[in-house]
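Reader: I have a protein model to look at, and I would like to learn how to read its features step by step. Could you take me through them slowly?

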Amino acid sequence: MLGLAGAVGTFAGCKMQQTAGLRDSGQSRLMDDTFAGQNKCNPDDHKRPFIVEWDATDMSSFESLAASDIVFVKYEGCNLRVLDECKNDSIRGEQGAYKPVEWTTGQLETIDIHNEGELYAKLPLSQASLGGRVSGGERFHMEYYVAGTRNASRDAVYEADLEGRYGCDEATHFVYGYNLGAFALGSANEMNMEAGASAYGFGAGAKKSSGRSAEKKGGDLAVCSSDSATEISGCKAPIRLSLREIRPGTSPEAEAIAAPDSPESVTAAAVVTAKMEMSEEAAARIEAATTKLNSRDGKGCLKELDAHDKLNPKAKSTDSSSPFALNRAMCVMLSGKCDAGKEQARKALEKTSMAQMGPEQIDRSLDGYVGSYCQGKMGDRDALVQVLRETQAAAFTTKKEAAYCEERHKKGKKLLAKVKPKDEYDSEIQNADKAMWSG
């Protein structure tokens, strides 16, 4: 039987043990001993992080990078850093690009954060900005709407792909895809909402809970509920990333393409079966090449065409008579080899009915390909042609900032002083000064 002193000591011990098991906020520390607690910020557990902690500058930089190149990141613990120098400014899409957005029919989704465990599990990248507040007992409410998804033109990146490339040394992952839409997040400690209602004004006639404003937001939830949400800029903000790790070694696909065929290693029946399947795979390679061409992933397109040529040698894209020769020429231009692409395009055009219209018409067509697809090192004339085409597009078909147009105006003026028309039929250069650079 315990004496009074022993009982007091036991009770004191229990009280001390209980106090040690609680945070200042009153939250239990038992979470720290679980798998989730010990792996709070393990990237292996969070391959699809929300990016709600990014400010407008971060968002703008990401969108600018993703407009032309695969985005690489360093992702460790609860920290994700975009490696904006891991790209080639001279060759857009050298490591791949993103396909057009696949728009979806979305609905309002919500996330509630009551403790640190939920913060690490649901919004791991917000640990730095929200961790202290959550550990102090503050709760958060987030609403988001996904209007579409944009995925990369390649499904894997290997270490060998980035070897020797400036700015890529720290890359651990690449952004395979990202969701677009809108989100809003704020403190929920004093938030009182009706069931099913939106705190941040989503949906027609939704109550805004006394005009509550979000602490962090991307896009505008209020405009995302309409049928035309995909056409509204306020519903196109990046809200969540899909990350894939950089794989070790070299791409097996690249090694397989380079390896010689060895039909001796299989039976005659297997060879026949392989040939039957080959045509379907070859067609799939052409489709993939076209997708990557449209995404401006020149190198990825060439890899697909090389794979096709190995499967379907009777219609190699390297043959100027092939129906895929022009596609290859455009992909070569995109890969940073403008002159080589032009040469291939000319040979391909000479095998078409355009040859009957004369060399001048072929030259005009080549200027069009140069203006749309050439990257990397170019001669002065080709550079001027590209500036002219880009400026015309900015004026009549695409919306560009004033700085974009001003930069091309200056570049065009300098090039025009050095470039002279090839002959009397070179209307592209003859009309440049009058049409684009007067005044």
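Reader: Which residues have the most contacts inside the largest nonpolar core?

Author: A nonpolar core is a set of buried residues joined through their side-chain atoms. In this predicted model, the largest one has 43 residues, and Phe72, Met142, Val175 and Leu241 have the most contacts inside it. The elements that give two or more residues to this core are α3, β1, β4, α5, β5, β6 and β8, with β6 supplying the largest share, seven residues. Valine 175, looking past its neighbours within four places in sequence, is in contact with Phe62, Val71, Val73, Tyr98, Ala152, Leu241, Ser242 and Leu243. A second, separate core has 33 residues, among them Leu334, Ala348, Leu366 and Tyr369.

Reader: What is the volume of the largest pocket, and which element gives the most to its lining?

Author: Rolling a probe the size of a water molecule over the atoms shows where empty space is left. Here the largest pocket has a volume of about 1900 Å³, and of the 42 residues that line it, Ala67, Ser68, Arg92, Lys400 and Tyr404 lie nearest its centre. The element that gives the most to this lining is α13, with seven residues, while α3, β6, α12 and α14 are among those that each supply at least two. Sorted by class, the lining of the largest pocket holds 17 charged, 13 nonpolar and twelve polar residues.

Conventions:
Residues are numbered from 1 along each chain as its sequence is written. This is a predicted model: local features need pLDDT of at least 70, side-chain atom pairs count only at pLDDT 80 or more; totals for chains, interfaces and linings use all residues. Side-chain values use heavy atoms; hydrogens and water are left out. On a 1 Å grid over the protein atoms alone, a cavity is a set of points where a 1.4 Å probe fits but cannot get out, and a pocket is an open set with protein on both sides within 12 Å along at least five of seven lines; lining residues have an atom within 4 Å of a point. Grid points are joined across faces, edges and corners, and a volume is the space filled by probe spheres set on the points. Helices (H or I, at least four residues) and strands (E, at least two) are DSSP runs, numbered from the N terminus. Ala, Val, Leu, Ile, Met, Phe, Trp, Tyr, Cys and Pro count as nonpolar, Asp, Glu, Lys and Arg as charged, and the others, Gly among them, as polar. A nonpolar core is a set of buried Ala, Val, Leu, Ile, Met, Phe, Trp, Tyr and Cys residues joined through side-chain atoms within 4.5 Å. Buried means under 20% relative accessible area, exposed over 50%, partly exposed in between (1.4 Å probe, protein chains only). Contact means heavy atoms within 4.5 Å.
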